[in-house]
Amino acid sequence: MTWPIVGHRWAVQQLQYAVAHDEMSHALLITGPENVGKTTLARTLVAAILCRAEGGKPCGDCLSCRKLASDNHPDFMPVATEDKASRLKIDQIREVERFLSLTPRESLHKVALVSDFDRATINAANALLKTLEEPPPYAHLILLATDADLLLPTIVSRTQQVNLRPLPSGEVAEALIERWQIEPERAQQLARISGGRIGWAVQAATTPETYERMQEALETLVAILGQDLPTRFATAQALARDDAVLHETLEYWLTFWRDVLLLQTDNDSVLVHTEYRPALEAIVQTTGIQKTLQMLETLEATQQALFAHANTQLWVENLLIDFPNLV
Ligand SMILES: [Zn+2]
């Protein structure tokens with residue numbers, strides 16, 4: 001039975017084998033960039049672990065599979081941060097602990113899926129450590145994080161790790177055409193912009209708002225280049241109002257500035273935002289590589305500050321002051 005996962009074949013085969021032979025690790029850590037497919041893989045794995053069929057798990061048909069599909073499975077607990085910019089709290093981890101301490105009701109196993117684990121507070125991470133040390137035999141904990149390096153080493157060493165990488169853009173385009181019936185030209189465009197993050201490509205292909213939010217973020221960036229200082233402060237204030245939107249905006253700005261770097265290093269054949277070529281070239285004409293590297297660093301630091309709930313507006317103001325002035 002094939003899992004409905006695009007790409008990540010090696011990881012899928014490894015996990016299918018573990019489920020089929022009942023050798024599934026008690027603690028699994030799935031890492032990879034945002035929207036690369038971690039949640040889809042984890043959800044399918046959860047279904048397979050809980051499925052009551054003899055083989056071909058998940059069958060999609062047994063009571064367990066049906067309960068899971070309707071978000072109504074007593075042996076599954078999903079845990080995530082409130083939104084893109086908040087932390088995972090110790091109370092949430094304590095709930096996981098309580099959940100796993102009671103024996104399963106529907107299946108032979110119990111599974112807790114903890115998303116955004118790299119945004120756990122230090123107290124929450126330490127609380128989880130206890131659960132990892134002595135898991136009940138039926139319990140499985142699946143952690144999702146963008147980067148294992150951002151986690152406590154004592155946690156990483158107690159998990160089995162599966163690292164997902166961006167897919168080749170050809171594979172993303174093919175999946176969009178075949179599974180989501182997107183017309184080829186659009187599929188190729190979205191695959192290119194996705195940078196191999198299939199989750200983003202599917203979202204952009206199926207919900208117009210995703211693509212519009214990206215356009216809005218990039219239009220704002222281009223506008224800032226022509227703004228004087230007072231206007232930039234006003235823009236910063238508006239941006240700092242919504243942490244979740246700001247987080248997404250910064251992600252898109254990073255891809256834009258990476259494009260600037262690609263142009264500066266004569267790698268324009270792999271440019272992501274070809275639609276913004278004139279703006280990219282205008283920056284290249286006035287800006288050196290050193291400045292671009294500094295912009296990328298500042299963008300990443302601003303993202304970290306956002307996660308740490310630092311004074312967001314101040315960070316965004318500093319970031320916007322750093323933008324080159326192309327008037
Ligand atoms: Zn089933």
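**Exercise 1.** Leaving aside its neighbours within four places in sequence, which residues is Q264 in contact with?

*Solution.* The model is a predicted one. Step 1: locate the residue. Q264 lies in helix α12, which covers residues 243–264. Step 2: list the partners. With neighbours within four places in sequence set aside, Q264 is in contact with V284, T287, G288, I289 and T292. Step 3: look for polar contacts among these partners. The side chain of Q264 reaches the backbone oxygen of G288 at 3.3 Å. A polar contact at 2.8 Å joins the side chain of Q264 to the side chain of T292.

**Exercise 2.** Decide whether Q264 and Y211 are buried or exposed.

*Solution.* Step 1: recall the cut-off. A residue is buried when its relative accessible area is under 20%. Step 2: apply the cut-off to Q264. Its relative accessibility is 14%, and therefore Q264 counts as buried. Step 3: apply the cut-off to Y211. The relative accessible area of Y211 is 11%, so this residue is buried.

**Exercise 3.** Describe the surroundings of Y211.

*Solution.* Y211 belongs to helix α10, residues 208–225. Step 2: name what it touches. Not counting residues up to four places away in sequence, Y211 touches R186, Q189, L190, I193, W200 and A204. Step 3: relate sequence to space for one further residue. A175 is 36 residues from Y211 along the chain, and the C-alpha atoms of the two are separated by 18 Å.

**Exercise 4.** Which residues other than glycine have a positive phi, and where are they found?

*Solution.* Step 1: consider D116. Its phi is positive, about 50°, although D116 is not a glycine. D116 is found in the loop between β3 (110–114) and α5 (122–133). Step 2: consider D266. Its phi is near 55°, again a positive value in a residue other than glycine. The loop between α12 and α13 (277–286) holds D266. D116 counts as partly exposed because its relative accessibility is 22%, whereas D266 is exposed, with a relative accessible area of 67%.

**Exercise 5.** Where is P58, and what is the geometry of the peptide bond from K57 to P58?

*Solution.* Step 1: find the position. P58 is in the loop between α2 (38–50) and α3 (63–69). Step 2: read the peptide bond. The bond from K57 to P58 is cis, with omega near -5°.

**Exercise 6.** Does the radius of gyration of the chain agree or disagree with that of a compact globule?

*Solution.* Step 1: state the expectation. For 327 residues, a compact globule would have a radius of gyration near 20 Å. Step 2: compare. The chain has 22 Å, which agrees. Along its principal axes, the C-alpha trace spans about 65 × 45 × 30 Å.

**Exercise 7.** Summarise the chain as a whole.

*Solution.* Step 1: count the elements. The chain contains 15 helices and 5 strands. Step 2: consider burial and surface. Of the 327 residues, 49% are buried. The accessible surface comes to about 15900 Å², and 51% of it belongs to carbon and sulfur atoms. Step 3: consider the contacts. Among those between residues at least 6 apart in sequence, 72% join residues at least 24 apart. Step 4: consider the charges. The mean positions of the 28 positive and 42 negative charges are 6 Å apart.

Key:
Residues are numbered from 1 along each chain as its sequence is written. This is a predicted model: local features need pLDDT of at least 70, side-chain atom pairs count only at pLDDT 80 or more; totals for chains, interfaces and linings use all residues. Side-chain values use heavy atoms; hydrogens and water are left out. Helices (H or I, at least four residues) and strands (E, at least two) are DSSP runs, numbered from the N terminus. The radius of gyration is taken over C-alpha atoms; the globule rule is 2.2 Å times the number of residues to the power 0.38. Buried means under 20% relative accessible area, exposed over 50%, partly exposed in between (1.4 Å probe, protein chains only). Contact means heavy atoms within 4.5 Å. Accessible areas come from the Shrake-Rupley method with a 1.4 Å probe; for residues, only the protein chains shown count as cover. Lys and Arg count as positive and Asp and Glu as negative; His and the chain ends are not counted. The place of a charge is taken as NZ of Lys, CZ of Arg, CG of Asp or CD of Glu. A polar contact is a pair of N or O atoms within 3.5 Å; within protein, one must be able to donate a hydrogen and the other to accept it, and residues adjacent in sequence count only if both atoms are side-chain atoms.
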